[in-house]
Amino acid sequence: MSEIALEMRGITKQFPGVRALNDVTFQVKRGQVHALCGENGAGKSTLMKVLSGLYPKGTYEGQIWIDGKEVSFHNVREAEQAGIAIIYQELALVKGLSVGENLFLGNERAKYGIMQWNRVYQETEKWLNEVGLKGIRAEQITGHLGIGQQQLVEIAKALSKNAKILILDEPTAALTEQEVAILLNILREFKKRGVTCIYISHKLNEVFDVCDTITILRDGHTITTEPTAQLSENKVISYMVGRELKELFPYVPSSPGEVALSVQNFSLWSQGMNRKVIDNVSFEVRQGEILGISGLMGAGRTELMMGLFGAYGGVMQGKVAVSGKTVNIRSPQDAIRAGMGLVSEDRKKLGLVLNMDIRKNTSIASLKAVSDWGVINENKEIHSAKAYQQSLRIKANSVETVVGTLSGGNQQKVVLGKWLMTKPKVLILDEPTRGIDVGAKFEIYNIINQLVREGVAIIMISSELPEVMGMSHRIMVLCEGRFTAHFQREEATQEKIMHAATGGK
């Protein structure tokens, strides 16, 4: 048997008007974790859809070789039978079914049409143990598990199909640091057992932590395949974007102006008043500064900002003032009228209407600005949307392009355009670069810096400590609904922030 577990040769994939892949070639040895890196739109997902049978033979050019033999797939099931399993960033589990039912969905353990539940439970326990989920039972409802546990159930499901090649597409996007560490340890264990993994991630620290080799794609072409040990993060970034990024976080010094947002003794209870989510917090942010908010998952960062924006739904208490004027915010409409904007952490669910075009998504929070006597003026709407498309460098054929077809980075720019059109005094950014590539992140940072120069007050939540430290003028740390530390940029370190985030003073 060949030591090369997988080789893709000369893969070319054409869509109407665009060549997504152009003569892409790479190979992976058995038992390696191989990273696939590139900006959004570079062709990573398209390449994996070819490999997993989603794009069948005949719809692309090139060859796929597994264990030294050429193969071709007409559908996903044929690829699975050949030992290929793919786990997407958007989990494909049925939340209302049990773990055991999910594990063998489409691959049921039945005899004469009757489900063999004892076999299901036994095999489920075996595969859950394989991925470190020893405390989970087969009959538990999948939707009751945490996101990290659901991710591991997906991996167990792939292994139950005897996967020899496991593809993981942004597997840690929604995981806590502890869950990420568990997943990476599992991948290391897989390497020892000879399972070959293809790891797609924008988080280069994870790539360098667990991957043996890296293939970099740019604009549908293979740029290079090299051992991880021979590369650096800066080198990978320059390959990905085609240029050197001198500073990953382009910090801009600031001379803050007047207080733009003042929050005093703010508390927030969950719906039903059964839990206090935010406990008596006070802070302020000034014109032309970035206030970074750090903390672990569950600390209350998103809940705090959703509450201030009137979008949480629970009971609130405290005093909020925008530009010195006390405001009573009970809905997002109140917040917008007061001069606030919120780029939510889940752009697909809360930030965009994916089946609408750029024009309508850009104007949706500012309809009065593009209306005459209560009727939308399409010429005004188109003109405004085009202005933001150009200034934010949104890559799309026109403002009539459906937002759901854009890359993650361009979708995030549309969200920013929507809020910039409201002319906010205070802009809250919740995980503004989650799930987007390095090049798009750099562009988002430059947009943020331009807003700072224009005097907008920015509140930025991020789970990535280097991002918080690299972009913020001040940093506040939240733990269990309370602020536990406040740092000026110069005095903040990762150790100090993590100490405060875990409850230390």
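Six strands make up an open sheet, ordered β6-β9-β10-β3-β11-β12, with mixed pairing. This is a predicted model, by the way. Look at the edges. Those are β6, residues 84–87, and β12, residues 221–227. Each has a single partner strand, so one side of each has no neighbour in the sheet. From one strand to the next, the twist averages 20°.

Strand β11 covers residues 213–218 and pairs with β12 in the antiparallel sense, over six bridges. Arg218 has His221 in β12 as its bridge partner. A helix sits on this part of the sheet. That is α8, residues 233–241, and it touches β3, β11 and β12. The direction of α8 makes about 30° with that of β11.

Now move to β10, residues 196–200. How many of the five residues of β10 are buried? Five of the five, so the strand is largely enclosed by the rest of the structure. Buried here means under 20% relative accessible area. In a regular strand, side chains alternate between the two faces of the sheet. Both faces of β10 are covered. On one side we have Thr196, Ile198 and Ile200, and on the other Cys197 and Tyr199.

Who are the partners of β10? One is β3, which runs parallel to β10 and is joined to it by four bridges. There, Val33 stands opposite Cys197. Another is β9, residues 165–169, also parallel to β10, with five bridges. Ile165 stands opposite Thr196.

Next, helix α5, residues 147–160.

Is α5 enclosed or open? Twelve of its 14 residues are buried, so the helix is largely enclosed by the rest of the structure. An α-helix has 3.6 residues a turn, so residues three or four places apart point the same way.

Methods:
Residues numbered from 1 in each chain as written. Predicted model: local features only at pLDDT ≥ 70, side-chain atom pairs only at ≥ 80, totals over all residues. Heavy atoms only, no water. Pairing = 2+ DSSP bridges. Helix = DSSP H or I, 4+ residues; strand = E, 2+ residues; numbered from the N terminus. Axes fitted to C-alpha atoms, helices over the stretch in contact; angles between N-to-C directions. Contact = heavy atoms within 4.5 Å. Buried < 20%, exposed > 50% of the residue type's maximum accessible area, 1.4 Å probe, protein only.
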